[in-house]
Amino acid sequence: MSQKFYLSRRAVLARLAAGFTSSLASPSLLLAQETNKSLAGWASPEFKPEVEIELLCQPGEVQILDGSPTRVWRYKAKLIKGPESALQSIPNSYLGPIMRFTKGQRVRIHLRNQLPEWTITHWHGMHVPMESDGHPMYAVEPGGVFVYEFEVRNRAGMNFFHPHTHEATATQVYRGLAGLIFVNDDEEKSLNLPVGEYELPLVIQDRALDADNQLVYGGGMHKNMFGFYGNRILVNGQADYSADVGTRPYRLRVLNASNARIYKLAWDDGSPIVVIGVDGGLLEYPETKPYVMLAPAERLDIWADFSGRSIGSQLILQSSEFTGVLPRMAQRMLGAELPVGSEFPIMTFRIARSESDGPALPRRLTSIKRITESQIANRNDPVPIGITEAPMSMLINGRPYADNDIQPRERIPLGTTQLIEIFHDHASGRSGRMGMMAGMGMGPMMGGMRGMGMFSMAHPIHLHGQQFQIIKRTFEADDEAAYETMRDGFIDAGWKDTVLVTPGERVLIAKPFEDFKGRFMYHCHNLEHEDMGMMRDFLVE
Ligand SMILES: [Cu+2]
């Protein structure tokens, strides 16, 4: 399916604008050319940005392993306006710059596509207007420009940006296109949490590199059914990652930016993990866990206190053993290198020096108003997100992604809070053997097959726009023993934008749809699934 399928009038105009302006050298000239504020992709003369950034998507090379440099695609940024602290690059990494915004700031970003294919960037976790959300209908051609404008409405938290190009999100992210966005606010500042060198961003990804150090992707439909899995773990774009730390508390800001891999984070010495925040920022109270599950696109804010450890010792952040996120037969198909759910190190902390001036862990971090039943518009009739798995197709409510294919249950009145139920929809598989069996009235048998763990798998479901609260997670019937290897690792408090739904689970969430009308996507953040069509639009109206 070609990108042109998604051309809306607005996008055509946005691209005409891009084609026209991309020959201009200076962004200020670009601004001077703008006349129509209502068009997405144009800078609006009334919008007065406090931070203005030029963000380039371009091919490049980085040294990941000894020997040949690795060819990647990467974001590079230039600050046009705003404080120097708004942009910070990660040295020796293909990852994009870290953007640091303050709540309430007005931000304009000029995305310049210097790739050989179409692209568009999404600000994952940020609550922005549709025209600035990076919907695939706004993808720009090579040489094109797209201008985003938004006010930072999020509370303090760590979000990230990555391509959201129709059917090319997985490959573009895999080649290296991703970066972090920090939002800070006064409430967070008043807590005196570790900052500067004591606050470590950690972006976890898996990759496969060939003998010449070049990225390898794919391996056929069978592999992509379950997502792409690499055999090497990178942190911040680097192999065998380590950090020298002092004997005091640190704040680890962790993002799983892998295409498909799910991690079970734990300390190798069995110490509990102390979590102070998730996708949408700080939790009300710290949570102490034996381990934490981290699915693609999820974030964790971890309090890591190295006080009392001896100089010269080390602590490894690892992924521990678990089962139950993939069908049993899948593991054989995926091969033996770094199997999903096996134990492996992610990175090493070396205790390098004595430091005793660290802050104490606050007992209470923030206050979070729980969404109550009376605030929910549809409390007895949740909006369904049915995960539809069938051989060679990954769908939602039995439908693949299609432009302007809004179904009645996907129309959401602006200003409401909706109850949404995410579940494994075993009846809607429409293609292949499973679908045929459903058509022949053999649904119960399919249920049985799934019950044996033959087909069902875990999906990290992400909803664009405002973040949500998890109301209830129930495990119905599947592989109980497998579930036990994960069950203590879910954090359902706080504000979330991505939730892992494992086989046999049903998750109820409450999500506000405020401020902006338009189309906002919801999809699986296993990027191969997203590109296969496990994505839909809500129309907020
Ligand atoms: Cu999925």
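Two strands are taken to pair when DSSP finds at least two bridges between them, and the legends below use the word in that sense for a structure that is a predicted model.

**View A. The whole protein chain, with its secondary structure and the confidence of the prediction.**
The protein chain holds 10 helices and 31 strands, and 48% of its 541 residues count as buried. Among the contacts in the protein chain with a separation of 6 or more, 78% are between residues 24 or more positions apart. The pLDDT averages 88 over the protein chain, and 86% of the residues score at least 70. Residues 1-38 have a pLDDT below 50, and this stretch has 55 contacts in the model beyond near neighbours in sequence. The pLDDT is also below 50 over residues 430-454, a stretch with 42 contacts in the model beyond near neighbours in sequence.

**View B. The open five-stranded sheet that contains β20 and β21.**
Read across the sheet, the strand order is β13-β21-β20-β15-β18, and the pairing is mixed. The edges are formed by β13 (242-246) and β18 (292-294), each of which pairs on one side only. On average, and with direction ignored, neighbouring strands of this sheet are turned by 30° against each other. Within the sheet, β20 (residues 314-319) and β21 (residues 344-353) run antiparallel and are joined by six bridges; for one of the residues to look for, S319, the bridge partner in β21 is F344.

**View C. The open seven-stranded sheet that contains β16, β17 and β19.**
This sheet has mixed pairing and the strand order β12-β11-β10-β14-β19-β16-β17. Because β12 (238-239) and β17 (281-289) each have a single partner strand, they stand at the edges, and one side of each is left without a neighbour in the sheet. Strand β16 (residues 273-278) is linked to β19 (residues 299-305) by three bridges, and these two strands run antiparallel; here G277 has D301 of β19 as its bridge partner. With β17, strand β16 pairs in the antiparallel sense over five bridges, and a hairpin of two residues joins β16 to β17.

**View D. Strand β8 between its partners β6 and β9.**
Strand β8 (residues 157-163) is mostly covered, with seven of its seven residues buried. In a regular strand the side chains alternate between the two faces of the sheet. Four bridges connect β8 with β6 (residues 121-124), and this pairing is antiparallel; T121 has P163 of β8 as its bridge partner. Strand β9 (residues 179-184) also runs antiparallel to β8, to which it is joined by five bridges, and L180 in β9 stands opposite F160.

**View E. The largest nonpolar core and the surroundings of I422.**
The largest nonpolar core has 128 residues, among which I181, I204 and I422 touch the most other members. Strand β7 (residues 145-151) gives the largest share of this core, five residues. When residues up to four places away in sequence are left out of the count, I422 touches I385, I387, I461, V499, V501, V507 and I509. In soluble globular proteins, nonpolar side chains tend to be buried together.

Most residues other than glycine have a negative phi. N397 has 16 other C-beta atoms within 10 Å; a residue needs 20 or more to be buried and 12 or fewer to be exposed, so N397 is partly exposed.

Key: Residues are numbered from 1 along each chain as its sequence is written. This is a predicted model: local features need pLDDT of at least 70, side-chain atom pairs count only at pLDDT 80 or more; totals for chains, interfaces and linings use all residues. Two residues are in contact if their C-beta atoms, placed from the backbone, lie within 7 Å. Axes are lines fitted to C-alpha atoms, for helices over the stretch in contact, and angles run from 0 to 180 degrees between N-to-C directions. pLDDT is the predictor's confidence in each residue, from 0 to 100. A nonpolar core is a set of buried Ala, Val, Leu, Ile, Met, Phe, Trp, Tyr and Cys residues joined through C-beta atoms within 7 Å.
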